[in-house]
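Have the viewer open while you read.

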Amino acid sequence: MTSTDASRTERFRTLVEPEVGLLYRVAHALERNGADAEDLVQEAMLRAYRSLDTFDGVNVRGWLVTILRNAQRNLHRRTRPEAVDPDVAAATVDPVERDPALLAERSDVERTVLAAVDALDPVYRDTVSLVDVDGLTYAEAAEVLGVPIGTIMSRLHRGRRQIRDRLATAGLMGLWVAT
Amino acid sequence: MTDPRPDCQTVARWLQTFLDREIDAPRANEVRTHLDDCRWCGLERDAYLEIKRIVSSGLAVPVDEARAIERLRAFAERLAHDGDGA
Ligand SMILES: [Zn+2]
């Protein structure tokens, strides 16, 4: 291994690997399908690896997401129309499974929230996750998904509202407050 | 003179941006004041805080997503270690 290879390995590990979760969630929101999202992230990581030498190290997430979006355009140029509006189109929902043993350890509130998250349209779920799990601001989420900030806000509002309604329906509102 | 304080409906509309700290400071203060006084909106806030806590803990990441991310990390590690074969 040459020293260039070694430093590239190191840079890839420090810069790209920590963002795999974010990349997957962005890809999933764009592709609306787990297998396609995984292919897309692999392709993006290959491209990132090849262009590491020219990357200035500033704004890793922006750089990676740009690569991902370019890769997506190339992959789908011939095979499908560019933009399916996820807020209009019906979702192709991946089946969600959870480990019953792990679920048994959770509280009623947690189980209900998890079930509600699983039932969300994947686009809502991914948007909520990008903000709450990956810690993106609205502006960042809008940029990575290529939608207006208002769309992010309405997806968050609707997604969280559906979760909240499940808690209400299950009679669990207020039950997390220790009394 | 009209009352400038936001009502419950307005607070409900601002609540997500308030909890995500995406709201400007004057509005945030109005929401905070309302939440201190209004039991109903306080309950809504608590519900959304709890949802946010559970989602941000990573607990809500579905199994298939967690597995996909695991496979992609392994892919990244192979790439970092072995190169792209180019
Ligand atoms: Zn109120």
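Predicted model: local features only at pLDDT ≥ 70, side-chain atom pairs only at ≥ 80, totals over all residues.

## Helices and how they meet

Of the 179 residues in chain A, 49% are buried. Take the contacts in chain A between residues at least 6 apart in sequence: 69% of them join residues at least 24 apart.

Now for the packing. Two packed helices are described by the angle between their axes and the distance between the axes.

| Helix pair | Angle between axes | Axis distance |
|---|---|---|
| Helix 6 (residues 108–119) of chain A and helix 9 (residues 149–169) of chain A | roughly 135° | within 9 Å |
| Helix 6 of chain A and helix 3 (residues 39–56) of chain B | about 75° | 10 Å |
| Helix 1 (residues 8–19) of chain B and helix 2 (residues 25–37) of chain B | about 120° | 10 Å |

**Helix 6 of chain A against helix 9 of chain A.** With their axes crossing at roughly 135°, helix 6 of chain A and helix 9 of chain A are oblique to each other. The crossing is right-handed. On the helix 6 side, the contact uses Val109(A), Thr112(A), Val113(A), Ala115(A), Ala116(A), Val117(A) and Ala119(A), and helix 9 answers with Ile163(A), Arg166(A) and Leu167(A). Sorted by class, that contact has eight nonpolar residues, one polar and one charged.

**Helix 6 of chain A against helix 3 of chain B.** Helix 6 of chain A also packs against helix 3 of chain B, at an angle of about 75°. That makes the two helices roughly perpendicular. Helix 6 of chain A brings Val109(A), Glu110(A), Val113(A), Leu114(A) and Val117(A) to this contact, while helix 3 of chain B brings Glu50(B), Ile51(B), Arg53(B), Ile54(B) and Val55(B). The class count here is seven nonpolar, no polar and three charged residues. Val109(A), for one, turns up in the contact with helix 9 of chain A and in the contact with helix 3 of chain B.

**Helix 1 of chain B against helix 2 of chain B.** At about 120°, helix 1 of chain B and helix 2 of chain B are oblique to each other, and they pass in a left-handed crossing. Cys8(B), Val11(B), Trp14(B), Leu15(B) and Phe18(B) of helix 1 meet Arg27(B), Ala28(B), Glu30(B), Val31(B), Arg32(B), His34(B) and Leu35(B) of helix 2. These residues split into eight nonpolar, one polar and three charged.

## Loops and cysteines

Most residues other than glycine have a negative phi, and most peptide bonds are trans. Which way does phi go for Asn59(A), positive or negative? Asn59(A) is not a glycine, yet its phi is positive, at about 55°. Look for Asn59(A) in the loop between helix 3 (34–51) and helix 4 (60–76) of chain A. Arg21(B) also has a positive phi, near 55°, and is found in the loop between helix 1 and helix 2 of chain B. Arg21(B) counts as exposed, at 77% relative accessibility.

How many disulfides are there over all chains? A search of the whole structure finds zero. As for individual cysteines, Cys38(B) is buried, with a relative accessible area of 16%, and Cys41(B) is buried at 3%.

Technical notes: Residues numbered from 1 in each chain as written. Chains lettered and ligands numbered in written order. Heavy atoms only, no water. Axes fitted to C-alpha atoms, helices over the stretch in contact; angles between N-to-C directions. Helix = DSSP H or I, 4+ residues; strand = E, 2+ residues; numbered from the N terminus. Parallel < 35°, antiparallel > 145°, perpendicular 65-115°, else oblique. Left-handed = near helix turned anticlockwise from the far one by under 90°. Contact = heavy atoms within 4.5 Å. Nonpolar A, V, L, I, M, F, W, Y, C, P; charged D, E, K, R; others polar. Disulfide = S-S within 2.5 Å. Buried < 20%, exposed > 50% of the residue type's maximum accessible area, 1.4 Å probe, protein only.
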